[in-house]
Amino acid sequence: SSTVAARATALVKRALRRWLYWPDGDMRWALTAAARVTEAIRVGDAPAWVITSSPPESAHLAGAIIKRKTGVPWLAELRDGWVVDPLRVELRRSRVRRLIERRLARRLLAGVDHLVAVSTSIAEELASLAPASPVSVIGHFAERTDAVEVLDGAGPHLVHTGQFSLSHPDRRLVVVLDAYQTTLATHPTAVLHLVGRLTPEETRLIHQHPVGNRVQLYGVRSYEESRAYQRAADGLLLFQPDTAALPGKLAEYLLCNAPILTVGGGRWLTRLEGIPHWPLEQLTQALAAGLRQPTDAYSEALDRYESLLSDAGIAQRRRS
């Protein structure tokens with residue numbers, strides 16, 4: 001059928017973009033953005049800084065081009081690893097691709113004036129990719145919100161916001177569903193709420209899983225709505241495969257009162273030291289601990305960015 005043909009064509013195009021566009025399939029967007037920003041700088045006032053953030057890594061391609069053509073100081077922020085523990089499928093599957101892209105990353109970041117990493121592990125990678133550039137570590141942060149959704153049923157209501165395999169190929173939804181099934185043995189009225197985009201395969205998995213009829217699906221919601229579901233939760237699910245990177249949604253969860261319930265194991269769990277959290281299977285203990293005091297990293301992170309950009313700008317002017 002035409003639908004099957006269109007889907008097959010889309011899959012082929014996606015695969016080709018992965019292997020033909022470097023560093024990633026957003027390269028064409030990056031080139032267009034770089035051209036438009038460069039032209040705007042030439043006809044108007046130059047900004048104090050150009051800031052790029054990844055993923056996608058092609059954003060730094062735009063930053064490198066703008067810096068080269070205009071001379072405006074450039075800050076690059078990495079919120080995920082690039083070549084070490086990469087998220088992109090083509091990098092995870094091919095050692096040759098990783099070797100080549102490491103050289104590409106070094107070339108793109110050669111002209112950067114300052115680097116920001118959201119964790120020490122990413123900072124270590126950046127130090128190897130751009131050894132001549134200073135690196136600052138500023139963790140994930142989120143702005144406070146007062147919005148709250150109403151969740152039906154007795155609960156406890158367990159909420160996960162965000163994607164699974166679409167954000168990391170090893171984030172397998174079945175791991176969460178199996179952990180939830182175990183939890184139902186002690187909390188038979190618990191409801192699992194999944195807010196975010198799922199793949200067709202993940203949706204089918206839910207319908208076929210023994211606990212599928214207990215899972216509430218909300219699909220893609222606005223950022224404000226997702227935050228509202230977090231604030232309504234009795235427990236917030238934090239799921240990650242064995243990686244050193246913490247999920248970015250942790251900063252959002254820390255602004256809520258509900259306990260943080262982890263699914264999965266590995267290196268990232270060691271980085272939760274000092275943050276109260278429990279495995280999902282220990283839901284009884286988590287609920288007994290009571291509500292958490294929200295932790296707000298928003299103001300501190302903005303202050304650090306302001307100080308960083310100001311100090312780096314002064315140093316840049318002195319060098320020039």
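Which residues are buried in α3?

Modeller: This is a predicted model. In α3, the buried residues are Ser58, Ala59, His60, Leu61, Ala62, Gly63, Ala64, Ile65, Ile66 and Lys67. Because ten of its 13 residues are buried, α3 is largely enclosed by the rest of the structure.

Proline 56 sits in the loop between β1 and α3, and a cis peptide bond joins proline 55 to proline 56, with omega at about 0 degrees. Just after α3, glycine 71 has a positive phi of about 80 degrees. Elsewhere, glycine 155 and proline 156 are joined by another peptide bond that is cis, with omega of about 10 degrees; proline 156 belongs to the loop between β4 (135-137) and β5 (157-161).

The phi of aspartate 85 is positive, near 50 degrees, in a residue other than glycine. Aspartate 85 has a relative accessible area of 26%, so it counts as partly exposed.

Charged side chains come next. Side chains of opposite charge can pair when their charged atoms come close. The count of salt bridges comes to ten. One of them is between glutamate 77 and arginine 79, at 2.7 Å from N to O. Glutamate 77 is buried, at 8% relative accessible area, whereas arginine 79 is partly exposed at 23%. Arginine 88 and glutamate 90 form a salt bridge too, their closest N and O atoms being 3.1 Å apart. Here glutamate 90 is buried at 4% relative accessibility, and arginine 88 is buried as well, with a relative accessible area of 15%.

A further salt bridge joins the side chains of arginine 221 and glutamate 225, at 3.6 Å from N to O. Arginine 221 is partly exposed, with a relative accessible area of 32%, and glutamate 225 is partly exposed at 30%. Salt bridges with shared partners also link Glu57, Arg88, Glu90, Arg97 and Glu101 into one network.

Definitions and conventions
Residues are numbered from 1 along each chain as its sequence is written. This is a predicted model: local features need pLDDT of at least 70, side-chain atom pairs count only at pLDDT 80 or more; totals for chains, interfaces and linings use all residues. Side-chain values use heavy atoms; hydrogens and water are left out. Buried means under 20% relative accessible area, exposed over 50%, partly exposed in between (1.4 Å probe, protein chains only). Helices (H or I, at least four residues) and strands (E, at least two) are DSSP runs, numbered from the N terminus. A salt bridge is a side-chain nitrogen of Lys or Arg within 4 Å of a carboxyl oxygen of Asp or Glu.
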